[in-house]
Structures are given as C-alpha cells and as structure tokens.
Amino acid sequence: MKKTAFFWMALLLAAIAGCVGKNGAFQRKEALDSRNLLVNSGFNFHPFGPHRTGKAVSFAADYVPFWNARSAKSLRVVRESHIPAAVLPPFAVPCGVELLPGESFHQFFTLPEADLLPGDVVSLHFYGYQETPKALRGEVRAMKIETADGTWSPGKDFKLRDKRTFNKMARGELVVARKITAVSAEVKKSVVFSAENLVIPGSFTPGKKSYAKDCNTVGLEVRFTNDSKKSVWIFAPSLVRSDKAFKAVGCYRSIPDYYRHIPRTMQKLWKGESIHILVMGSSIDRGSVNPALYPYCEDPKSPRYKQPLSDSHTGFSTKVVGRPDLEPYFGWSNHYFSYAGRLKVELMKKFDLPGNKILLNFMACDGSCVGEAHSGLKNWCELLLPPDSGSNGHKAGHSWKELYPGLFERPEGPRPDLVIFGSGANEKTDTPDECAVFEGTIRYIQRNYPGTEFIGCMFQNRGGYTPNPSDMQAIAMRYGIPFVDFGIIGDRLTRIINPHAMGNSDGHPQASFHYLWFKQLEKAFECAGPVVAGFPQQYLPERIMSATVNWEGEMKRYRQGDPRFFRKNAIIIDDSAFNCWAYPPKNIKRGPGIPRSDLYVDGIKTHNRRRMKTCDLRNAFAQHGRLSFGDRHVVEAASPFIFHALDAKQTLNRSYTGVESPLFSGIRKAEPYTSLTGYPYGRKTALLQPGQSCSVTLAGNAFAIAWVDMPDGGILKAQIDGKKVFETATDKPFALLSKEKLFMENRRGVNGLAFGMHTIKLTAVGKPVKVMGVFAYDLRANRAGERILRGVSGGGEYIFVPAFKAVPLLRCSEKLKIKSLSREKAVFSGSGSFEAVGE
C-alpha cells in the first residue's frame with residue numbers, strides 16, 4: 001500500500017516539474033482544453049426579417065449574434081439547407097456566413113472571459129469556400145491598449161483647448177499587439193484553414209508613466225476578411241488553447257440570454273420601431289475623461305497615427321469618423337466614443353436601423369449621481385429640454401420631433417423604453433443605503449412610464465470604486481433586471497495590464513475601456529436563436545428597502561423667496577427626501593478662504609457635495625432621503641451658505657385632512673393660524689383642552705399627525721383604532737444652527753398598518769394642545785395583497801370571511817346604506833350591491 005502511494009506521489013511531482021520552469025512561470029506545453037473559446041461559432045441567429053417585412057424568409061439574416069460586421073449589409077448568414085452543396089463542409093453545420101466582397105466581420109472577447117493570461121497559446125481552425133486564391137483571410141489578433149514613450153499635450157502639440165500634458169497611453173482605440181493569419185490557395189471547394197501558435201503577449205511597467213515596450217493586452221479578436229471581388233463563405237470557426245489548430249469539441253464560454261429580460265425592447269428592435277434609451281450615470285458614462293475622448297487617426301501607416309483629428313467639443317463632427325449620417329445625434333466626441341454611443345452605432349448595424357430610430361438620451365452628467373437626477377427625471381423622460389450637447393448629447397438646432405419623428409407618432413409618445421444604469425461613482429447618497437435611491441428611480445419610472453425596461457452594466461474601477469453595483473445586483477434579483485457585470489472583467493484585467501492604462505490620468509476610462517464596457521453591454525441585445533420564452537421585468541414588486549418609498553413620489557420645487565424658506569438657510573421639507581442647491585451670498589468673495597458649508601437635517605450634520613447657486617437638474621449641493629417617515633424634518637445649510645432652491649419629494653398617494661374638515665369630530669372651533677415657517681402642513685388649528693379629544697376616520701396604511709408646538713403645550717396622545725401609537729410633548733422649541741429657538745409646526749408619522757379605514761384619535765393630556773390635521777398615505781408597494789369583496793345585501797349583517805386586516809373601504813349602491821362597519825362585518829339597511837376594499 002505504501003509503495004503504491006509513493007508511486008502516485010512521484011508521478012504527480014514529475015508532472016508538476018514538467019510544467020513549471022526555472023523561474024516558477026507556468027509553462028503550458030499542450031492543449032489545456034479542446035473546447036471552443038468562441039461563442040456562437042455555429043452562426044445561429046434569430047430571423048427578425050419576417051417580423052419586419054412579412055416575407056417568409058426565416059432561413060437567412062444579415063447579422064450574426066455575438067459577431068460584429070462593418071455594416072448592416074456586410075454579410076449574409078444562411079442555414080445549411082439553403083447553401084449549395086459544393087460550398088458546405090463535409091459535416092453538419094447549423095449555418096454558414098457569406099461574406100460579401102471587401103467586407104469583414106469579427107468577434108472580440110477579453111482575456112478574463114476565457115480565463116487566458118499572457119503567455120497562453122491559441123490557434124484558429126475553420127472551414128471556408130472561395131472562388132479565387134487567398135480571397136478569404138482569417139486572423140487571430142491580440143489586442144492591446146496603446147502605449148508609447150513620453151508625453152503629449154493636446155493644446156501645445158495640436159492647438160486644441162486642453163493645454164495640459166499627458167502620458168502617451170490609451171489614446172483612441174485598441175491596437176494589434178500580435179497576430180496570426182490563415183489563408184489558402186485552394187478554390188471552389190470546402191477548404192480547411194488554420195493559423196497556429198499565437199502566444200498572447202503581455203507585459204507592463206508599474207506606475208503612471210507610459211513606455212513603448214509595454215504591452216497591455218486585454219483581449220483577442222478573431223476576424224474574417226474577404227479580399228476579393230466575389231463572395232466567400234466561412235463555417236465552424238474554432239479557437240482553441242493550443243499551439244496546434246483543430247476542430248474544437250464543446251464550448252468554453254456560454255452564450256448569455258440577457259435578451260430574455262428585455263423582451264419589449266428586443267421586439268421593438270426586431271420590428272424596426274423607434275426606441276428611446278435613457279443613459280443614467282455620471283461623467284464616466286458620457287465619456288468625460290482626461291485627456292478627452294478625441295477622434296484619433298487610427299491608421300498605423302499614417303504620419304498622423306494616434307494624433308487627434310479634431311477637438312472633443314467645439315469642432316467635433318461625426319464626419320471626422322466617417323459617419324456624416326450621425327451628425328445631429330452626437331454633440332461631442334465624448335458621446336460618440338462612450339460605451340453608450342458605441343451601443344447606438346452597433347444597434348443600428350445589427351438591426352439595420354437609421355440614426356433617427358434610436359434616441360440615445362444622455363442624462364449622465366459630470367459630477368452627477370442618481371440621487372441628484374431625481375430632480376430632472378421628468379424632464380429627461382419626457383424630452384422637456386431641447387436637444388443640446390451638454391444636456392443630452394445631441395447637437396443643438398433641431399427639435400426632438402425633427403430628429404426622432406417615429407417616437408412622436410406612436411401612441412405612448414416619446415417616453416423612455418429602456419434605462420441603462422452605468423457608473424454610480426458619485427452616488428454617496430445615504431450610504432450604505434444607496435439601493436433605495438436606485439430602487440426609487442426605477443419605481444418612479446415604472447409608475448409614470450409603464451413598460452419601461454432597465455439594464456445594469458456598471459463600471460467598477462479595480463473592483464473598489466463604488467458600493468452600489470452590489471445594490472444594483474440586489475435590485476436585479478428582485479425586479480428581474482439583467483445585470484451585466486463589467487466590473488468583474490475590469491477588475492480581473494488589472495492583474496495583467498497597468499491599471500493606469502484604463503484611465504491614463506485618473507479614474508475615468510479612456511476610449512479603449514469604453515470599448516470593453518460596450519462589448520459587455522452589447523451582450524444584452526444578442527439573441528442567437530432559437531428564441532426562448534422571455535422574463536418580463538417585475539412591475540412594482542415588494543420594495544427591497546423601506547427608505548425607497550421616500551424617493552418614489554414627485555418633486556416639488558421651492559425657490560429662495562418662497563415663504564417655505566423661513567430663514568434663507570432653513571426649510572421644513574414636505575416628507576422624507578430632497579435635493580437642494582446652496583451657495584455663499586454675494587458679499588462673501590469666492591476663493592480658498594471660504595469654508596465648505598455643511599448641511600444639517602434635524603440638527604444633525606449630513607453629507608453634501610458642492611456649492612450650487614443654480615438649479616442644475618443633475619447636480620445638487622446635497623441630497624438625502626434616509627429619513628424617518630412622516631416626521632417633521634428641518635433642513636439647514638450652515639452659515640454663510642444660503643439656499644437657492646430645494647426640491648422636496650412628496651411621498652406617494654398622500655392627502656391632508658385639516659381640523660377644519662367636517663370629517664373631524666370633537667373639534668369645537670378651527671381657527672386660522674399664522675405660520676412662521678411658510679405653512680408646511682396646514683393653515684388652521686384647533687386647541688384641545690386637557691382631556692379633550694378629536695378624531696377622524698381616513699383611508700390609508702400610514703399616517704402623519706401634525707400639530708403646533710407652543711410654550712405651554714401639553715402632551716399629545718395619538719391613538720389609531722383604539723391603540724396608542726405615541727405620546728409626545730408639544731412644548732419643545734426647535735433650536736436652529738444660529739441658536740435661535742422656534743415654536744413651530746411639528747409632525748409624527750405612523751406606518752406599518754394594513755390598508756383600510758382607520759380612526760385616528762388625538763387627546764390633550766395635562767395642558768392644551770394645538771392640533772392641525774392628519775396626512776393619510778397609501779404606501780403599499782403594489783396591489784398584489786389587495787382584497788376586493790363584492791356582494792349584494794337585502795339589509796342586516798354581512799359577515800366577512802375571513803375578516804379584513806383593517807376596516808375595509810366600503811362602497812354601496814344608491815339604495816344600500818351602511819349602519820355599522822368593522823373588520824369582521826357590515827350591517828346594512830335597504831338593499832343593493834356593495835364593494836369592500838382592503839387587505
């Protein structure tokens with residue numbers, strides 16, 4: 001037994017010794033895996049042509065999923081049963097690609113996706129058909145981020161606006177680091193092509209400097225080119241991890257099916273309908289970076305290679321990049337070369353659509369975050385701002401209707417069809433509860449623009465840029481939203497490339513990394529067929545976080561001068577979330593001596609971002625939403641800052657019933673009230689003497705009770721349905737940051753109730769209490785738990801089986817009257833029908 005164990009141990013050690021070199025590097029001498037590193041090597045496809053044209057041609061299409069072509073008419077993919085026998089290889093294949101003269105198509109993937117490292121070896125094998133020798137060319141290209149020795153300056157070297165100096169690193173697109181090529185002289189028959197032994201290059205020098213010797217290889221590209229004037233055919237390409245080429249067995253990478261989670265968007269693209277894509281995020285998403293995403297000369301043979309062809313903002317034209325048809329649709333080169341701009345261009349190719357069919361609406365903005373963007377959601381979703389480079393990524397001078405007429409012809413109008421969540425780097429809103437801000441955005445859009453779909457594909461620099469990709473993944477689970485994890489790809493790449501190569505001078509990704517980002521997002525729109533049943537996204541499911549409800553409602557703006565600003569730096573907000581803009585007054589000079597102002601909520605210091613004098617719909621002085629429901633919240637900017645404006649979120653389905661309402665009982669007299677804070681709650685009050693009570697019955701599942709604090713105020717006892725929910729003193733003033741003490745309106749929230757009719761009873765204890773009224777809310781996430789009971793009665797008792805969780809809201813026909821009502825039963829007089837609504 002011992003001899004046997006010794007034998008196997010010796011054999012294992014010998015195997016290890018044969019694989020490890022003298023320097024400890026892992027040496028791969030043989031094929032590690034015979035599986036194909038390419039996806040959709042069978043060229044399967046979904047034929048959307050019949051859906052669009054009505055023609056019964058389901059055996060062919062003009063694009064291949066997971067492959068990219070130069071244009072929408074570069075190739076034709078055809079099922080094997082419709083391909084001439086002389087062209088086909090000697091074995092079964094699902095489909096073949098007819099590549100037209102002068103055209104090419106390719107597939108790119110990053111090294112981490114195939115678990116490859118520099119030093120690994122790959123080889124290409126495929127079958128082809130050509131009419132002339134060496135017409136068909138197959139290549140495997142190792143693609144790297146550009147690097148060169150030294151530095152450059154856009155302004156000093158090329159007379160552009162930016163006068164700063166940068167390292168010669170990551171300028172423009174990826175470049176070829178090394179390649180192998182397969183060609184053949186055989187013609188007019190099925191030919192085997194092979195290109196072997198591509199050793200993946202890769203090395204870099206740590207640090208921010210750039211060197212020509214560095215080779216930041218990020219991925220592989222398999223490309224097929226037709227160098228002749230007649231069509232060529234390609235079949236069954238295999239890329240294997242081996243120094244020898246052979247027909248692969250099995251697939252190493254799986255084909256994702258994200259498309260199943262955006263069925264509405266996919267169907268519109270298949271049909272050729274107009275779509276509106278809203279891009280959320282920050283400067284990273286709209287391609288703001290240092291240096292800018294200039295259009296560079298990408299021809300290695302040109303003396304202007306890797307030199308900018310124009311400035312990024314003023315002077316940029318899509319004509320420079322050979323796309324005059326896109327001129328009005330991209331304001332700056334930043335937009336064009338961003339991951340989202342690349343997506344628009346590629347969707348136009350894949351689905352053969354003109355530029356006016358895909359509105360790419362950049363809400364993403366420098367410095368912006370989703371919390372701040374709540375102030376502008378309506379404006380961007382409904383195209384209330386005109387086309388403008390800085391606002392939405394379009395050139396000014398045209399109307400939306402001129403640019404995208406199809407959006408205005410459809411019944412639902414130009415509202416968004418798809419929302420992309422990219423970078424969340426600037427969020428910092430209520431961390432670690434940023435999830436509520438994102439979820440609130442989704443629910444706001446779902447409520448106002450039903451059917452809108454969402455995708456998450458977030459940039460995560462080195463795996464540690466921002467915490468909210470994890471929040472988005474939690475949301476993806478709950479809402480059925482596809483989440484494409486570009487972050488993990490980018491993080492793994494930093495093992496094999498210089499991390500500074502992705503952004504050159506800072507954390508903003510350069511064009512090459514935007515390309516990698518786009519390549520991940522692109523997968524969400526690929527359907528290789530056959531089509532599998534979709535998973536429509538969940539519409540208003542149960543909330544992940546309780547604070548989400550604070551962000552779901554509409555914004556109401558208050559500008560300086562409005563009485564609601566009872567001090568220039570203080571306001572009582574409507575409910576529990578807000579954006580605000582604050583700045584130092586004119587008599588204080590700007591400069592390094594001005595302290596950064598702090599924001600306080602209820603006297604507690606909280607996070608703020610920047611000074612803001614204007615109401616920028618995507619940038620704010622501060623935003624906050626992790627506040628207790630229904631309570632009074634006082635927001636103050638520390639001196640010397642004053643507010644320019646504040647947007648207050650009004651929580652869903654709220655209604656106010658003041659003591660002057662006939663619904664209140666026990667009120668002897670409601671009197672006008674002079675507010676010191678601009679009437680945040682109501683305009684009349686009623687004074688309850690000690691022991692006196694008033695009550696009101698309202699529909700809802702949450703309530704906020706309002707009163708006025710006063711020097712000799714007593715204890716306010718609140719009961720709901722006979723149960724005490726709180727007691728609070730009403731003789732405590734609020735201390736402002738200036739140390740001034742004010743007796744003013746106050747409020748306390750109560751939630752967690754079942755939806756239905758609830759009786760709120762307010763009692764003064766010990767001393768008088770000045771009450772104002774009650775806010776009622778319906779905070780239910782959806783109506784899934786709603787119970788509706790319909791019936792008829794000829795009078796008498798009607799027993800509810802089972803009983804409602806709260807007294808139901810009861811509606812009766814004209815001749816049926818309610819004598820009494822409880823959770824368990826209703827007592828009627830007369831006869832007729834009724835409907836009871838509750839839980």
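This report covers the cysteines, the cavity and the salt bridges of the structure.

The model is predicted, so local features are reported at pLDDT of at least 70 and side-chain atom pairs count only at pLDDT 80 or more, while totals for chains, interfaces and linings use all residues. Residues are numbered from 1 along each chain as its sequence is written, and side-chain values use heavy atoms, with hydrogens and water left out.

**Cysteines**

A disulfide is a covalent bond between the sulfur atoms of two cysteines. With a disulfide taken as a pair of cysteine sulfur atoms within 2.5 Å, the count is 0. For Cys 615, the closest cysteine sulfur belongs to Cys 580 and lies 10 Å away, which is too far for a bond. Cys 615 is buried, at a relative accessible area of 18%, and Cys 297 is likewise buried at 12%; here buried means under 20% relative accessible area, exposed over 50%, and partly exposed in between, with a 1.4 Å probe and protein chains only.

**Cavity**

A cavity is a set of points, on a 1 Å grid over the protein atoms alone, where a 1.4 Å probe fits but cannot get out, and its lining residues have an atom within 4 Å of a point. The structure holds 1 cavity of 30 Å³ or more, and the largest cavity has a volume of about 80 Å³, a volume being the space filled by probe spheres set on the points. Its lining comprises 13 residues, and Tyr 63, Val 64, Trp 67, Asn 68 and Ala 69 are those nearest the centre. Strand E2 (68-69) and helix H6 (339-350) are the elements that give two or more residues to this lining, and H6 gives the most, with 3 residues.

**Salt bridges**

A salt bridge is a side-chain nitrogen of Lys or Arg within 4 Å of a carboxyl oxygen of Asp or Glu, and the whole structure contains 56 of them.

| Pair | Closest N and O atoms |
|---|---|
| Glu 382 and Lys 378 | 3.3 Å |
| Glu 835 and Arg 811 | 2.6 Å |

Glu 835 in strand E43 (residues 832-838) and Arg 811 in strand E40 (residues 809-812) are 24 residues apart in sequence, so their pair ties together those parts. Arg 811 is partly exposed at 43% relative accessibility, as is Lys 825 at 30%. In the pair of Glu 382 and Lys 378, Glu 382 is partly exposed at 29% and Lys 378 is partly exposed at 39%. Elsewhere, a network of salt bridges links Arg 137, Glu 139, Arg 141, Lys 179, Glu 221, Arg 223 and Asp 227.

Note on methods:
1 Å grid on protein atoms, 1.4 Å probe; cavity = no way out; pocket = protein on both sides within 12 Å on 5 of 7 lines; lining within 4 Å. Helix = DSSP H or I, 4+ residues; strand = E, 2+ residues; numbered from the N terminus.
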